[in-house]
Amino acid sequence: ANIGRGRAEPAVVVVGGSINDAGEDPRAVGASARRLYAYLARVDPAAKVVVVVFSPRIPAPANFAALDKAVLDAAGASPNVVGALDLPSAVPRTAAGVQAADGHPTQAGHDLYGRLIADFVRARTRR
């Protein structure tokens, strides 16, 4: 509600997925993602949208991989999305200690994820 003409008009919008959607149907999540991207295109057509999906485990468990795929597929079909980062796939297999037992990133995970996300966003939003 705070984006659009007469309101904030960001040049870049980063949409982050949530690990709290584990029980959701991938089709519903994909449809919601498509609506969100369409909304952003309507209220701020000049904004570059970057999408980042997450997982509570690396590699992503099957249910999270399906949710992430739905979000990434929706992003790929949205002209205003300039990039979509599958973070679980971007984490090097050699990275250890990035996720705590409760599924949240450790400090090492936050550090690594932050670098990966920042590099990805920067590379896709340079003017």
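Which residue stands opposite V50 in strand 3? The residue opposite V50 is G83. The model is predicted, with local features requiring pLDDT of at least 70, side-chain atom pairs counted only at pLDDT 80 or more, and totals for chains, interfaces and linings taken over all residues. Residues are numbered from 1 along each chain as its sequence is written, and side-chain values use heavy atoms, with hydrogens and water left out.

**Sheet**

Helices (H or I, at least four residues) and strands (E, at least two) are DSSP runs, numbered from the N terminus. Three strands form an open sheet in the order 1-2-3, with parallel pairing; two strands pair if DSSP finds at least two bridges between them. Strand 1 (12-16) and strand 3 are the edge strands, each pairing on one side only. On average, neighbouring strands of this sheet are turned by 15° against each other, direction ignored. Strand 2 (residues 48-53) and strand 3 (residues 81-86) run parallel and are joined by five bridges. The chain goes from strand 2 through helix 2 to strand 3 in a right-handed β-α-β crossover, meaning that, with the strands pointing away from the viewer, the path from the first strand over the helix to the second runs clockwise. V52 stands opposite L85 in strand 3.

**Helices on the sheet**

Axes are lines fitted to C-alpha atoms, for helices over the stretch in contact (heavy atoms within 4.5 Å). Angles run from 0 to 180 degrees between N-to-C directions.

| Helix | Lies across | Angle |
|---|---|---|
| Helix 1 | strand 1, strand 2 and strand 3 | about 170° to strand 1 |
| Helix 4 (residues 107-125) | strand 1, strand 2 and strand 3 | about 160° to strand 3 |

**Helix pair**

The axes of helix 1 (residues 26-43) and helix 2 (residues 62-76) cross at roughly 30° and come within 8 Å. Helix 1 is therefore roughly parallel to helix 2, a term for angles under 35 degrees. Helix 1 contributes P26, V29, G30, A33, R34 and Y37 to the contact, and helix 2 contributes A66, L67, A70, V71, A74 and A75.

**Cis peptide**

P59 is in the loop between strand 2 and helix 2. The I58 to P59 peptide bond is cis, with omega near 0°. Most peptide bonds are trans.

Terms used. Parallel < 35°, antiparallel > 145°, perpendicular 65-115°, else oblique.
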